[in-house]
Each structure stands twice: as structure tokens, then as C-alpha cells.
Amino acid sequence: MTPLTASAPALSSADVPKFYTQAAQLEKMTLADSAPWLYSALAQLWELEQAGAILPGVGDFRIADRAAMTARLLFSLINVTDLPVPIVSPVSGGSLSIVWSMGSKEAKFACYPDGQALYFRCLDDEVLEDGTVDFIKPDSTRAAVTWMAQP
Amino acid sequence: MPPSRDDLEISDDASLLRVLLAKWITMKGGRQRPTSDSLLDTNFENSCFVEGEITIIEIQSLFPGLSIARLRAGLIRREGFAIERRPEEAPLRCSNPAAHVVIGPVVPLDRGSYERVARTIVKDLSVAILHPPAAENY
């Protein structure tokens, strides 16, 4: 039955030990510290979202919300620390791409306005393999970058 | 919308000029080329200008600081893209809106195939990048 009046919350915000919130912050700092590429990737994405505009004669560079959300989800699942900084680029029509390059290998992810993401494994500038990123299987999201980082 | 027709009065020998964002230029095999992202408009309509119908100087003045890729129309068509005039989508200050075209597949491709076609085009050795005048290069 829906209560007619609000009762006092079981815990007021003052009762929540600060330790838990601090621990969460520390956890994030640790992640960023161990994956130095993450700061740059997130900063590039944020800049693209802020700068997004229609440029007649070139394209529509307003990043779709779902494309940006997909990119952030992707970043959070790629817990490979030893990676170079990726290049995050706008694609006309609301999409964006994320490209990691090491030597002759390249791992590219394309994030689309409908929330879909594709990966591309490239060697010597040729696409070897592409496929849909399956966010239900985190291992599959990082497979392309893991392949790229192998000597 | 993808091109609905191929405007064949634009000959295969004509050159199309694609304005490049700074992030759309990469170095591969010691050569600068556009990235495939420059030809991957989500709606299959990549804006270009027909060289000769508008001057490079005018495009550089419309888009100061940006580089331009020169693509042969024949190359575009060889890879299955069509070229359609879209004067109504030209920049406002463009002196000849009819010079504005969009290129892309007439029938939408799956995304993997689209990437491969775009990559094949930008990798072609005939594709050149024209950089903006040094004073405006930032």
C-alpha cells in the first residue's frame, strides 16, 4: 500500500560514513592512474560533445547522446592499462570513432547514434575483421585492443 | 539521405573536394591521407564540392584552417558511390551552391562494408591533401 505520509529515512545523509564515498573516489583515481589513456579519451569525448555543431558543406557534428554513452561504456570495459592514447573523432551524422594504433596494428571502434558499436581489427591499413561489440560480454569488448597490444 | 541518383554530367575526370576536420588526417606508410571517418557520414551523404565550379581559395575562406582532400570522381564511382548535386545544402556564403554535392552509396551498406569502401577510397594514391595557407594553419 502506498504510504500517505513520508516517514523519516532509515539513514540520514549525515549517518552515511564518509569512508564509502571516499573509497569510491579512490577507486576511480586508481583506475585512471593505471589506465593513463582514459583521461585523454574522456577529455576528447567531452570536447567533441561540447563543440558539436552543424557545419554546412562538411557535416553534422553533433554527437548523439547514445553514441557518447556507448563510448563511455566501452572505455569503462576496456581495462587494458598499457595502451597508447586513442584518437576520438567525430563522424558526420552523430557518430564517433575511437582508434588505437600500435605499429602496423590498429583497433578501431565506431559508436553510432542507435547505440550500436562496431570493432575493426586492422593490420597494415587493411581491415582484417569487424564485428558488433557485445557489451554483455566484457571480454569481447577488449579483444580488439588486446590483439593490437600483443607484440 | 543517401544520394538518390548519380549526376553523370560530373565526369569521372572531375575532382571532388572534401573538407577535412583536423582529426580526419592520418599518417600511414609515410604518407598523409584522410581517415575513413571523413567518408563515413552516418546517413551516407558526405558533402563535397566539384573542383572548377568553386575555387579552392573560396573553400579555404569558407572553412579557414581546414585542409581539403581531392578525390577523383572516377574513384568514387569505381567503389560504388554515387555523386548527387545538393545545392540546397551548400554553405550560405557559397558563391556557387550548385558546386555542392554529396557522395555515398545509393543503397545503404552495412556498416562494416561502408568502412571498407571508405578506407579503399582514402587509401588510393591519387587522393591528395591540400593544406590551408600557413598563416591560417592552426
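Let me begin with A:Glu47, which is exposed because 12 other C-beta atoms lie within 10 Å, where exposed stands for 12 or fewer such atoms around a residue's own C-beta, buried for 20 or more, and partly exposed for anything in between, with C-beta atoms placed from the backbone. Please keep in mind that this is a predicted model, in which local features need pLDDT of at least 70 and side-chain atom pairs count only at pLDDT 80 or more, while totals for chains, interfaces and linings use all residues. Residues are numbered from 1 along each chain as its sequence is written, and chains are lettered from A and ligands numbered from 1 in the order in which they are written.

A:Glu47 sits in helix H2 of chain A, residues 37-51, helices being DSSP runs of H or I with at least four residues and strands runs of E with at least two, numbered from the N terminus.

Turning to the chain contacts, 21 residues of chain A are in contact with 27 residues of chain B, contact meaning C-beta atoms, placed from the backbone, within 7 Å. On the chain A side, the largest share, four residues, comes from E3(A).

Finally, what does B:Ile103 touch? Leaving out residues up to four places away in sequence, its partners include B:Leu16, B:Phe81 and B:Asn46.

How values were computed: Contact = placed C-beta atoms within 7 Å.
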